[in-house]
Each structure stands twice: as structure tokens, then as C-alpha cells.
Amino acid sequence: LHGKFVVTYLGTVGHAHGLGSMLEIAHNLQTPHPDISLLVVGTGAEEKAILKTASDQGLKNISILGQKPRSELPDILAASDIGLALLRPSEVFKTAVPTKIYEYMATGLPVLTNVAGETTRIITESKAGIAIPAGDASALTSQIIELQRDSSQLESMSTAGTAYAR
């Protein structure tokens, strides 16, 4: 991933997380933006299906590392440019707050999320990232491209997220 703009999802790869949208994002970015890579670190019920789909579609810009020891996570986050917090669209998740957003913010990683409700409120209030409507992989793709092009916005979100986490 050296020299790439890295967008990382850290956590459970389960049914509730809607990581199929990462496959759509990878497909959208692969040809026009080969300098952007997606990284999935974690394991769960959907891991094998996502690996198979990525392989079947020939997606070279998404890496699925499986579960890693917690001791390796700081290096993985330091090598990343954006942290993703994703959940499928659901009324139930409006009160959920993925703890990964706090890990991202504490390490200065800007957050891109599609989790409505409380998570969107925290990300908006902290100015640590951007919230996109759930289920909109095209908007996530566009936002990744925009953030890659705007290093000052990334830096601002990084500083704000770290301050908020502290």
C-alpha cells in the first residue's frame, strides 16, 4: 500500500456492517483512481463472501487482512488516510455508535461514515469527518475522491478528531 491513499475499515465483517458497499466503492475506483486502496482489517460472517466477490470481480484495490493482533492496529491506522465506519441502513442503528470512530479520532484519522443518528451527530459535532446517507456507495466513493484531493480538509478533520477524542 506504499504510495497509495488508503481507506481503512477496522472491525467486525458481519451482516450488519454492509461491507458489500466497499466492494462497490472498490469497483468504482479501480480504473479511474488506481492510487486509492481499500483495506479491511477484521473477521466475521461476511469475510469469505467479500473475499470471494472481490476475487471474482478482479478487484485489485481492496485488501482483506482478516483479524490482526491489537498491537498491530496503531501501525495499520498510521498507514491509513481515512477510517470507515459502516452499518447497513436501519432504524435500530440510529442509536448505535461504532467504537471504531473513537479509535480513528484518537489516532488522528478522519472518519467517513454512513451511520445515521448518534454517530452522524458525533462526527458532525466534532468536525472529525463526514457523514454520508446510509446505503449510498456512490456518495462514499465521491467523498473519498474529494478527500484525497483536499489534504487541508483531511488535516483539519484529523486535528479536530484528535482534540474531540481527548
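Tutor: Start with β1 (residues 5-10) and β2 (residues 36-41) in this predicted model. The two strands run parallel.

Student: How do you know that β1 and β2 count as paired?

Tutor: Pairing needs at least two bridges. 6 bridges join β1 to β2, so the two strands pair. Leucine 10 stands opposite valine 41 in β2.

Student: What is the order of the strands in the sheet?

Tutor: The order is β3-β2-β1-β4-β5-β6, in an open sheet of 6 strands with parallel pairing. The twist averages 20° from one strand to the next.

Student: Why do β3 and β6 stand at the edges?

Tutor: β3 (62-66) and β6 each have a single partner strand, so one side of each has no neighbour in the sheet.

Student: Which strands does α6 touch?

Tutor: α6 packs on the sheet and touches β1, β2, β4 (82-85), β5 (111-113) and β6. The direction of α6 makes about 135° with that of β1.

Student: What makes α6 roughly perpendicular to α7?

Tutor: The label covers 65 to 115 degrees. Helix α6 (residues 137-149) and helix α7 (residues 151-165) pack at about 95°, so α6 is roughly perpendicular to α7. Their axes are 5 Å apart. Glu146, Leu147 and Arg149 in α6 meet Ser151, Gln153, Leu154 and Met157 in α7. By class, that contact has 3 nonpolar, 2 polar and 2 charged residues.

Student: Why is lysine 127 called exposed?

Tutor: Exposed means over 50% relative accessible area. Lysine 127 has 59% relative accessibility, so lysine 127 counts as exposed. Lysine 127 lies in the loop between α5 (118-126) and β6 (129-131). Its phi is near 60°, a positive value in a residue other than glycine.

Definitions and conventions:
Residues numbered from 1 in each chain as written. Predicted model: local features only at pLDDT ≥ 70, side-chain atom pairs only at ≥ 80, totals over all residues. Heavy atoms only, no water. Axes fitted to C-alpha atoms, helices over the stretch in contact; angles between N-to-C directions. Helix = DSSP H or I, 4+ residues; strand = E, 2+ residues; numbered from the N terminus. Parallel < 35°, antiparallel > 145°, perpendicular 65-115°, else oblique. Contact = heavy atoms within 4.5 Å. Nonpolar A, V, L, I, M, F, W, Y, C, P; charged D, E, K, R; others polar. Buried < 20%, exposed > 50% of the residue type's maximum accessible area, 1.4 Å probe, protein only.
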